[in-house]
Amino acid sequence: MDKSISYRDLDEMSQALGAYLQSKGLQKGARVALMMPNVLQYPVSTAAVLRAGYAVVNINPLYTRANLNTSSRIPAPSDHRTGEFRNHRQQVVARTVVKHVIVGSMGDLLGFKGMIVNLVVRRVKKMVPAWSIPGAVGFNDALAAGRG
């Protein structure tokens, strides 16, 4: 998407997201699943999880329901491609120990361009099917809460 972040931005955002994760009351060493493609949220999320004292569990975003039986505590899915794994996660989350879900979108860290990307992906190309994960928090919302 022709966007990059500086190490300063990575540091600031990972600190905020790490603070948000810690506010959820997880014990040190808890497993946090990251389920996202190669987007800017990935390095931020990885650094945040490690800074907060948790273990990163990478999950392939192309996994099916059968692959998603995880004991990780906070998956952070993204709505890239068809968004199918959000539907899978929605169906699996009730049968796992997942307590909190942070949902990222392709354009979350792209500024104004990101709003356009999200609109096109969701509404024009309809690449993201309808989904519902009760209590899910948006990536940018989690960053804002961690800064507060």
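Is Ser105 buried or exposed? With a relative accessible area of 5%, Ser105 is buried; buried stands for under 20% relative accessible area, exposed for over 50%, and partly exposed for what lies in between (1.4 Å probe, protein chains only). The structure is a predicted model, in which local features need pLDDT of at least 70 and side-chain atom pairs count only at pLDDT 80 or more, while totals for chains, interfaces and linings use all residues. Residues are numbered from 1 along each chain as its sequence is written, and side-chain values use heavy atoms, with hydrogens and water left out.

The side chain of Ser105 makes a polar contact of 2.2 Å with that of Arg122. Such a contact is a pair of N or O atoms within 3.5 Å; within protein, one must be able to donate a hydrogen and the other to accept it, and residues adjacent in sequence count only if both atoms are side-chain atoms.

Met115 belongs to helix 4 (residues 112-124) and, at a relative accessible area of 54%, is exposed. Together with Phe112 and Ile116, Met115 makes a nonpolar surface patch of about 350 Å². Patches are made of residues with over 30% relative accessible area and no salt bridge, like charges being joined within 9 Å and nonpolar side chains (Val, Leu, Ile, Met, Phe, Trp, Tyr) within 5 Å. The areas come from the Shrake-Rupley method with a 1.4 Å probe, and for residues only the protein chains shown count as cover. In the loop between helix 4 and strand 4 (137-138) lies Lys126, whose phi is near 50°, a positive value in a residue other than glycine. Lys126 is exposed, its relative accessible area being 64%.

Turning to the strands, strand 1 (residues 31-34) pairs with strand 2 (residues 55-58) in the parallel sense over 4 bridges; pairing requires that DSSP finds at least two bridges between two strands. Leu34 has Asn58 of strand 2 as its bridge partner. From strand 1 the chain passes through helix 2 (residues 41-51) to strand 2, in a right-handed β-α-β crossover. Right-handed here describes a path from the first strand over the helix to the second that runs clockwise when the strands point away from the viewer.

How many salt bridges does a search of the whole structure find? The search finds 2, a salt bridge being a side-chain nitrogen of Lys or Arg within 4 Å of a carboxyl oxygen of Asp or Glu. One joins Asp11 to Arg51, with the closest N and O atoms 2.8 Å apart. Asp11 lies in helix 1 and Arg51 in helix 2, so this pair ties together parts that are 40 residues apart in sequence. Both residues are partly exposed, Asp11 with a relative accessible area of 39% and Arg51 at 42% relative accessibility. A salt bridge also joins the side chains of Arg147 and Glu12 (2.6 Å, N to O). This pair links distant parts of the chain, 135 residues apart, with Arg147 in helix 5 (residues 139-147) and Glu12 in helix 1. Arg147 counts as partly exposed at 44% relative accessibility, and Glu12 counts as partly exposed at 33%.

Conventions:
Helices (H or I, at least four residues) and strands (E, at least two) are DSSP runs, numbered from the N terminus.
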